[in-house]
Amino acid sequence: MKFDLHSFNAQKTFDRGFEQASESLFTLSVLVRALTSEAQAMEVEAIVNKELDDLASDIKAETERLKAIAETAGVDFKGISYSAPKKCEARITSPRAAQMVKAVKDFDALACVVDALWISRELTDSERSKVIYGVQKKILRLGGVFRTLATRAMASTQRQGDMHVQDPRVGTKLDPDVPAADGSSVDAPAPPTASAPTKPRKPRAEPSAQEPSVDLAAPPAEQADHQGAAEALPA
């Protein structure tokens, strides 16, 4: 699917969030239904549909509110244009991925209304930021929600006995076997091995140069001979 995005915020949102959301939605729409029970698949489907419907409703409500402000103020939001529109292409792997594309396109249209009001000084800097980044955050949050649902659903399938289920991150940017961009591995480092502590050695006592060594085990006569010999040595 090819389409144009005009606002920078919509372009950034699509680049950051769509691919991850699309991969997760494919897992939830196809793999989970093929590998789990119908009841589990329906439960996951209900959660995904509610999240997408809530997002679409929020964007629509905010757009209608701002259009009403523009009409009251006499602001023509349809004539606004951007200096760097972008042609985007999305690989649609499921009907819900198409819903995500529509959400981003609706956000783009909302951003046009917001910027028209902002340029006309009908919205303050703070009000503009609150609307733009609030909707952007909701769209990006869904990517994380769908990823978590996909991971949990596949893990549940593995716990039920199917040990040949593919990790939903394989083949995506989240693939744990793909090295990082700098060439380093994402595998966790091996834990350090502990070694037994060693006791410090006591230093040997060196005999004094001023005192002759005397064999304490020798008889008194031999001790006297040693002492006399020591006294005869020149200083």
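F14 and F18 are separated by about one helical turn, because they lie four residues apart in helix α1. The structure is a predicted model, in which local features require pLDDT of at least 70 and side-chain atom pairs count only at pLDDT 80 or more, whereas totals for chains, interfaces and linings use all residues. Residues are numbered from 1 along each chain as its sequence is written, and side-chain values use heavy atoms, with hydrogens and water left out. Helices (H or I, at least four residues) and strands (E, at least two) are DSSP runs numbered from the N terminus.

Rings of Phe, Tyr and Trp (its six-membered ring) were paired if their centres lie within 6.5 Å, with planes under 30 degrees apart counted as stacked, over 60 as edge-to-face and the rest as tilted. By this rule, two aromatic pairs were found. The rings of F3 and F14 are edge-to-face, because their centres are 5.4 Å apart and their planes stand at 90°. This pair links distant parts of the chain, with F3 in strand β1 and F14 in helix α1, 11 residues apart. The rings of F14 and F18 have centres 5.2 Å apart and planes at 20°, so this pair is stacked. Relative accessible area is 7% for F3 and 8% for F14, and relative accessibility is 7% for F18; F3, F14 and F18 are buried (under 20% relative accessible area, with exposed over 50% and partly exposed in between; 1.4 Å probe, protein chains only).

Two serines are also buried. S7, in the loop between β1 (2–5) and α1, counts as buried at 1% relative accessibility. The side chain of S7 makes a polar contact with the side chain of D108 at 2.7 Å and reaches the backbone nitrogen of A10 at 3.3 Å. A polar contact is a pair of N or O atoms within 3.5 Å; within protein, one must be able to donate a hydrogen and the other to accept it, and residues adjacent in sequence count only if both atoms are side-chain atoms. S29, in helix α1 (residues 8–35), is buried with a relative accessible area of 19%. Not counting residues up to four places away in sequence, S29 touches S94 and R96, where contact means heavy atoms within 4.5 Å.

In α2, the buried residues include A41, V44, V48 and L52. Helix α2 is followed by G74, whose phi is positive, near 75°.
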